[in-house]
Amino acid sequence: FDVLVGRYGVQLGGSVGELRVGYASARQAELLGRTTNDPVLLVEKVISTQQEQPVLLSEIAYNPHGVALRFQVDAPEPVTRQPAKRRSPH
């Protein structure tokens with residue numbers, strides 16, 4: 001990223017990704033110590049410029065036995081109701 005920014009002046013923007021269950025290819029199975037077509041967690045991510053031009057595609061496969069997902073849900077803000085407006089009779 002330093003080269004993209006420093007040498008080429010690319011202004012990096014955001015990224016979007018997807019986590020899904022898939023099946024290990026022969027190469028992924030070899031690297032993960034699994035069997036071909038075993039379930040794996042697949043993460044695909046695209047990093048783009050500020051002008052929304054894709055710069056990098058990242059694809060990662062994880063052995064699902066070593067993955068833990070952690071999340072937090074905060075309480076929503078209290079909802080305050082506005083008193084109903086009275087309609088004036090015509």
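Where does Ser58 sit? Ser58 belongs to strand E3, and we'll come back to it once the overall layout is clear.

## The model and its layout

This is a predicted model, in which local features need pLDDT of at least 70 and side-chain atom pairs count only at pLDDT 80 or more, while totals for chains, interfaces and linings use all residues. Residues are numbered from 1 along each chain as its sequence is written, and side-chain values use heavy atoms, with hydrogens and water left out.

The protein chain has 2 helices and 3 strands, and going from the N terminus the order is α-β-α-β-β. Helices (H or I, at least four residues) and strands (E, at least two) are DSSP runs, numbered from the N terminus. The chain has 90 residues, and 13% of them count as buried. Here buried means under 20% relative accessible area, exposed means over 50%, and partly exposed is in between (1.4 Å probe, protein chains only).

The protein chain exposes about 8200 Å², with carbon and sulfur atoms supplying 52% of that. Accessible areas come from the Shrake-Rupley method with a 1.4 Å probe, and for residues only the protein chains shown count as cover. As for contacts (heavy atoms within 4.5 Å), take those in the protein chain with a separation of 6 or more: 44% of them are between residues 24 or more positions apart.

## How the strands pair

E1 and E2 run antiparallel and are joined by 10 bridges. E2 and E3 are antiparallel too, with 8 bridges joining them. Two strands pair if DSSP finds at least two bridges between them. For a couple of specific positions, Glu18 stands opposite Glu44 in E2, and Val46 has Leu57 in E3 as its bridge partner.

E2 and E3 make a hairpin with 4 residues between them, and Glu52 in that turn has a positive phi of about 65°. Back to Ser58 in strand E3: Ser58 counts as buried, at 17% relative accessibility. Leaving aside residues up to four places away in sequence, Ser58 touches Val43, Glu44 and Lys45.

## Salt bridges

How many salt bridges does a search of the whole structure find? It turns up 4, a salt bridge being a side-chain nitrogen of Lys or Arg within 4 Å of a carboxyl oxygen of Asp or Glu. Side chains of opposite charge can pair when their charged atoms come close.

One of them links the side chains of Glu18 and Arg20, at 3.3 Å from N to O. Glu18 is partly exposed, with a relative accessible area of 44%, and Arg20 is partly exposed at 33%. Arg20 also meets Glu44 in a salt bridge, at 3.0 Å from N to O. Arg20 lies in strand E1 (residues 12–23) and Glu44 in strand E2 (residues 39–49), so this pair ties together parts that are 24 residues apart in sequence. Glu44 itself is partly exposed, at 29% relative accessibility. Through shared partners, salt bridges join Glu18, Arg20 and Glu44 into one network.

Another salt bridge pairs Arg34 with Asp38, whose closest N and O atoms are 3.7 Å apart. Asp38 is partly exposed, with a relative accessible area of 22%.

## After strand E3

Asn63 is found in the segment after E3 and counts as partly exposed, at 24% relative accessibility. Asn63 touches Leu32 and Arg34, not counting residues up to four places away in sequence.

Leu69 is exposed, with a relative accessible area of 65%.
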